[in-house]
Amino acid sequence: MAYSFSQQLLDWYYKNKRDLPWRQTDSPYEIWVSEIMLQQTRVETVIPYYERFLAAFPTVYDLADANQQQVLKLWEGLGYYSRGRNLHQAAKMVVDHFEGSIPSDYNTITELKGIGPYTAAAVLSIAFDKKHAVVDGNVIRVLTRYYGIEEDIRSGKTKKKIQTFADDLIPFDKPGDFNQAVMELGATVCTPKNPLCNQCPLSSDCVAYQAVKTETIPYKSPAKKIPHHQIAVGLIVNQQNELLIALRPNDAMLGGLWEFPGGKKESGESLTQTVQRELEEELGVKVDVFNKFKELKHAYSHFKITLHAYWCVITTGNPKPISGQELRWVSLSEIDQHPFPKANKTLIEELHQMDNSDLTRFVNS
DNA sequence: AACCCGGGGTC
DNA sequence: GACCCAGGGTT
């Protein structure tokens with residue numbers, strides 16, 4: 001039974017697998033990088049980031065030698081920035097403690113920052129031919145349907161059960177191909193909506209397919225509602241046509257990225273008052289708030305924001321990094337060297353579309 | 001176990 | 001809009 005599953009799946013995989021960049025290498029480093037980028041991120045999104053990243057850091061030594069700003073600039077827009085910081089930190093560990101070689105056993109490789117159960121199993125099976133079964137969103141979907149598992153996939157108990165099934169199915173020969181095959185099936189055939197069961201090599205033994213339950217398996221309990229915040233930021237321009245940007249602390253959300261200073265609107269406060277309060281708290285300056293530059297919406301995984309950006313001019317004080325982060329005055333040509341989160345990046349794009357020679361004329365225009 | 005962490009594609 | 005994505009870290 002287990003033999004049939006892996007045999008039919010591998011046959012299908014060798015005929016139908018996509019030609020992906022990380023499938024053209026045996027390098028544990030390159031496979032590791034791909035697996036970190038692929039966490040919670042689609043293949044098509046990852047590919048250009050992967051190519052640029054490896055071009056910049058061809059070996060683990062190059063990555064270990066890089067500075068964090070370089071790494072985050074290449075990660076800009078990919079999200080979950082702690083992945084980039086952790087990968088960088090782990091590369092230093094590989095160089096300093098493992099002589100530049102990615103560890104090839106489970107307990108050691110999971111000591112590296114950013115490598116959990118999934119990534120450990122993926123790298124060990126794909127790069128080192130070790131028999132460790134991966135369990136990701138694809139595997140969960142394929143196996144819950146195949147075995148007709150109707151329990152809530154949010155629960156740890158269900159995930160353990162799925163891990164046990166996967167451990168039982170994975171063959172001694174070609175464990176890396178097997179893992180990739182299950183994920184490939186989940187990504188291209190056994191999809192969340194409208195799965196292509198007529199193309200599936202496992203449909204004849206699939207409980208969900210036979211019972212017409214592919215729309216209800218896997219079951220996931222409802223997510224809780226997410227809040228919506230109003231964020232107001234200041235575009236502070238000095239006499240040299242430079243904008244003030246602030247570096248977020250490493251341990252914060254979006255840590256290591258830059259932003260326009262500002263913060264969350266409190267109830268009973270106007271957006272203008274929010275800007276003035278936040279800039280006084282963060283920078284120790286008083287500002288005049290002029291016209292609004294842009295307003296945009298952005299969705300994170302756990303909340304939504306509307307970002308309001310206002311032109312500001314300092315009336316009292318010199319900006320100091322009171323909340324601990326570094327501050328920098330940058331021209332519009334220098335600003336692009338810094339990594340920003342998406343919402344801020346969108347603002348910067350809008351700034352570029354206007355005149356980049358004189359920012360001050362936008363104030364009160 | 002619960003919660004936090006981005007951004008993008010799909011339906 | 002809701003859901004999902006080659007998950008991991010922290011508490």
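In the predicted model, a polar side-chain atom of Asp136 lies 2.5 Å from a sugar or linking oxygen of DNA strand C; a polar contact is a pair of N or O atoms within 3.5 Å, where within protein one must be able to donate a hydrogen and the other to accept it, and residues adjacent in sequence count only if both atoms are side-chain atoms. The helices that contribute two or more residues to the surface near DNA strand C are H8 (117-128), H9 (137-147) and H11 (175-188), helices (H or I, at least four residues) and strands (E, at least two) being DSSP runs numbered from the N terminus. A backbone N or O atom of Gly116 is placed 3.0 Å from a phosphate oxygen of DNA strand C. A base oxygen of DNA strand C is found 3.2 Å from an N or O atom in the side chain of Arg42.

DNA strand C is surrounded by 27 residues, the closest being Arg23, Gly114, Thr119, Asp136 and Arg141; a residue is near a molecule or strand if one of its heavy atoms lies within 4 Å of it. Sugar or phosphate supplies 66% of the atoms of DNA strand C within 4 Å of the protein, and bases supply the rest. The surface near DNA strand C comprises ten nonpolar, eight polar and nine charged residues. In this classification Ala, Val, Leu, Ile, Met, Phe, Trp, Tyr, Cys and Pro count as nonpolar, Asp, Glu, Lys and Arg as charged, and the others, Gly among them, as polar.

Around DNA strand B there are 19 residues, of which Arg42, Tyr80, Met253, His302 and Lys342 are the closest. Of the atoms of DNA strand B that come within 4 Å of the protein, 58% belong to sugar and phosphate. Seven nonpolar, nine polar and three charged residues form the surface near DNA strand B. Phosphate oxygens of DNA strand B lie 2.8 Å from a polar side-chain atom of His298 and 3.0 Å from an N or O atom in the side chain of Tyr81. A base nitrogen of DNA strand B is 3.2 Å from a polar side-chain atom of Thr41.

Chain A is assigned domain 1 (2-210) and domain 2 (228-362), with bounds from an automatic or database domain assignment. The C-alpha centres of domain 1 and domain 2 are 37 Å apart. Contact (heavy atoms within 4.5 Å) links eight residues of domain 1 with 16 residues of domain 2. The two domains bury about 870 Å² between them, 45% of it on carbon and sulfur atoms; buried area is the accessible area (1.4 Å probe) that two parts lose on being put together, summed over both.

Across this interface the rule finds one salt bridge, defined as a side-chain nitrogen of Lys or Arg within 4 Å of a carboxyl oxygen of Asp or Glu. Glu76 forms a salt bridge with Lys345, with the closest N and O atoms 3.5 Å apart. Nine residue pairs in polar contact, both residues at pLDDT 80 or more, are also found across the interface of domain 1 and domain 2. Helix H5 (residues 68-75) provides four residues, the largest share of the side of domain 1 that touches domain 2. That side consists of three nonpolar, two polar and three charged residues.

Residues are numbered from 1 along each chain as its sequence is written, while chains are lettered from A and ligands numbered from 1 in the order in which they are written. Local features need pLDDT of at least 70, side-chain atom pairs count only at pLDDT 80 or more, and totals for chains, interfaces and linings use all residues, with side-chain values based on heavy atoms and with hydrogens and water left out.
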